[in-house]
Amino acid sequence: MFFLPVALFRRSSPVVAAGAATRRTAKDLRLGETGTICCLEDPEMALKLLEMGCVPGVKVRLSGRAPLGDPLMLVLGDQEYTLSVRASEAANILLKEEGAAHGGGSK
Amino acid sequence: MAAVVNSTATAEPIATQAGPATSQRPLRIALIGNPNSGKTSLFNQLTGLNQKVGNFPGVTVDRKSGFAQLTPAQRAEIVDLPGTYSLYPKSLDEKVITDLLYDRAAGNYPDFVVVTVDANNLRRSLLLFTQLGDLGLPAVLALNMMDVAERHGVNIDLPALERELGVPIIPMNARKGIGVAALKIVMAQRLDAPPVRCWEPDDKLLPLVRQIRYYFDLHNDYLALHYAQQYRHIGFLSADDKAHLQELTQQYSFDAMAQQAAETIARYARINEILLETVTVTRTETREPVSNRIDKVLTHRIGGYLIFLSILFLLFQAIFAWAQYPMDWIDLGISTLSATIQENFSGPLVRLLTEGVLAGLGGVLIFIPQIALLFGFLAVLEETGYMARVTFLMDKLMRPFGLSGKSVVPMISGLACAVPAIMGARTIESWKDRMITIFVTPLMSCSARIPVYTVLVALVVPDEAAWGIFNLRGVTLMGLYLLGLFSALGSAWVLKTVLKARERSYFIMEFPVYQWPRWKNVGLTIYQKVKAFVLQAGKVIVAISVLLWVLASYGPGQKQENAEAQVRQQVAAQGWNDDEVSRRVASARLENSYAGSFGRALEPAIRPLGYDWKIGIALLTSFAAREVFVGTISTIYSVGQDADMGTLQEKLRAEKDANGQPFFTPARAFSLLVFYVFAMQCMSTLAVTYRETKNWKWPLAQLIYMTGLAYVAALAVYQVLA
């Protein structure tokens, strides 16, 4: 269920090819929208995110924003727990393209 | 592995086979787990040593330990480690863990670890667990919050999970103490390292890893890999060792980050496999968790800030308005006691007791209600989980000042006391953010300033309603706190432009689930803080009060007698009555005492701020600790006064300047207030800043900067208002 790990961590440009210009990240989620984590950018940040459970394949839902629009409140997995992440950090969480990532979805 | 426990019910019979119990020294056991996994609750259950259980990630800053009686014959020392998500530390707080677990030869190396795991959050919790297991540490898994997991429809096949992980698992609910007995029984037995390895360095890494392993004589490959990863931060390695490791890692062109990422992903893959076989989720409720719904309100765009501001305002009202009643009782009690003693006894010893000890003691005891309220309030905010939301609300606001949302918690704790607040800044990963936070936190008005504020505000601000609902004194007090806050933010901004950043700042944080505060913990926090204040600050204050009384009552040579004679000569010429005479005599004697001489020497420097030598003495003594100010002035203004002068308030009001006008004008009082808002007058804060920064430049800069700021600001206030 995991994408190739080692290739995921390279600075700046997303590594997985298709449609690089339009890649959506957790930062682009609409309020209440759910996506599935595809991979992570920026090695240092990626490590921290990984440890906190932002693992490729896990669902992530934007449940709220701080009053000034930043940081974001992300619910991970199946309502398992909530993380607070700055928008700039959430921009390192790339989402899978598929349309099936909306709503609750099955496990 | 003898004990395989699959439920609390079957755990009990094992008691009979809890084998050879007596050993030479108590077992040493380390408690480790994710933040908010109930680790500290478990620590309290095991040791009975009740210390604070906070909700905010990283409330455990110092190494806490206690003893647990596992069986009648076996004791164990339990060490509570800071919460962490992995063995690759990011913050200073987490480095405590690797320093403890990497050195098997060290005297305090634990016999085994108890890993607390949140049953609702198995995947992430197991990451840390598998790392510990692979280090070859004997471990027990305390599967916490089972009740919540069951309610959420999470079913865990415990025997299967035990087989997969190779360690005993104890299901429990640490908050309620369920499962603790079973855990103790397992802990009392000799545990072996888990036979299962979750992940091992691959062949490419082996040449490097093996070299390190044999060079340092380590017991396994994974530990050697950690040496390669983190040698720069390992406290016990010598400079030579580090140089050697650097050489080796370069020789094999070891990419620490890529390796750590690959390892973490591989671990998650393995954990997912394990969970697929052992955990089934039959979701019973589809509603959003209560906690998330509360968040909708408490972190609302506008409402969130309003609620936060209201809470702060309530805090100030409480400290000023509600605390007034018990404070009045204490004040009255002390002055009545003092008067009674003076009526019935006389002599220098009695005066030492009433004017020195009792006056100083009164200065301490009177602030108990306010300090209790403040610490109680903060404890409730932390216990409920609200503090983490404050961090979230404030992050964006703090960033322009070079601070992060995480700086808010030390800064709010700074309202209680800068010492624990500065230690609390350890949870901030970024060096620059942390240094700025440490530097500006003492500008937040701590509880030691409350005495000074209270006395002076009550002196010059009438006790009236402002804008209908607010108390004018409460508003003034809030203004002083805001002044402290804004000066802290401004200073942070200045520092941000001065300091060069060495690393980036993070703000990834888990929200703890809201919960009711455990009132026992809140009560305990209040009790411990008040006790510490009365005993520690009290000792200093009483000692200084006594010393001051001596210095203020006696003078060098015949100076006091000469001054008194001079006054008495003028009596006939000026036509003073008896009261006026005794007042002038007392004043002349004090002025010529030892303390008076010190104050006089200081006077030229502080005259532009509107202060006289009496306040000069108070400023001098409060450089040890601010709260001494009130004790000092109550001693100074009591010396030679009639005992029925009553409370400190009345004494200050009665104080006259050279022209017979009240001495404490608004200009003087506000100048003093502003001085106390800014000035660095706390030895303990300077000491803790040194301890946390490991550099004398920081406390020195704090001292010079804050005191300079105080002088300039007080000067400006006095010159404008006078």
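In the predicted model, strand S4 of chain A and strand S11 of chain B (residues 509–510) run antiparallel and are joined by two bridges. Within this pairing, Leu83(A) has Glu510(B) of S11(B) as its bridge partner.

The contact between the chains involves 34 residues of chain A and 39 residues of chain B. On the side of chain A that touches chain B, helix H1 (43–51), strand S2 (59–65) and strand S4 (81–85) each contribute at least two residues. H1(A) provides the largest share, with eight residues. By class, this side of chain A comprises 20 nonpolar, six polar and eight charged residues.

Within chain B, helix H8 (residues 206–216) and helix H10 (residues 239–251) have axes that come within 10 Å and cross at roughly 160 degrees. Angles over 145 degrees count as roughly antiparallel, and H8(B) is therefore roughly antiparallel to H10(B). The crossing of H8(B) past H10(B) is right-handed.

An unreviewed UniProt entry assigns the feature "transmembrane region" to several spans of chain B, including residues 302–323, 480–499 and 669–690. In the model, residues 480–499 of chain B are 95% helix and 0% strand, and the end C-alpha atoms of the span are 28 Å apart.

Key: Residues numbered from 1 in each chain as written. Chains lettered and ligands numbered in written order. Predicted model: local features only at pLDDT ≥ 70, side-chain atom pairs only at ≥ 80, totals over all residues. Axes fitted to C-alpha atoms, helices over the stretch in contact; angles between N-to-C directions. Helix = DSSP H or I, 4+ residues; strand = E, 2+ residues; numbered from the N terminus. Parallel < 35°, antiparallel > 145°, perpendicular 65-115°, else oblique. Left-handed = near helix turned anticlockwise from the far one by under 90°. UniProt positions renumbered as here; feature names shortened; annotations may be inferred. Contact = placed C-beta atoms within 7 Å. Nonpolar A, V, L, I, M, F, W, Y, C, P; charged D, E, K, R; others polar. Pairing = 2+ DSSP bridges.
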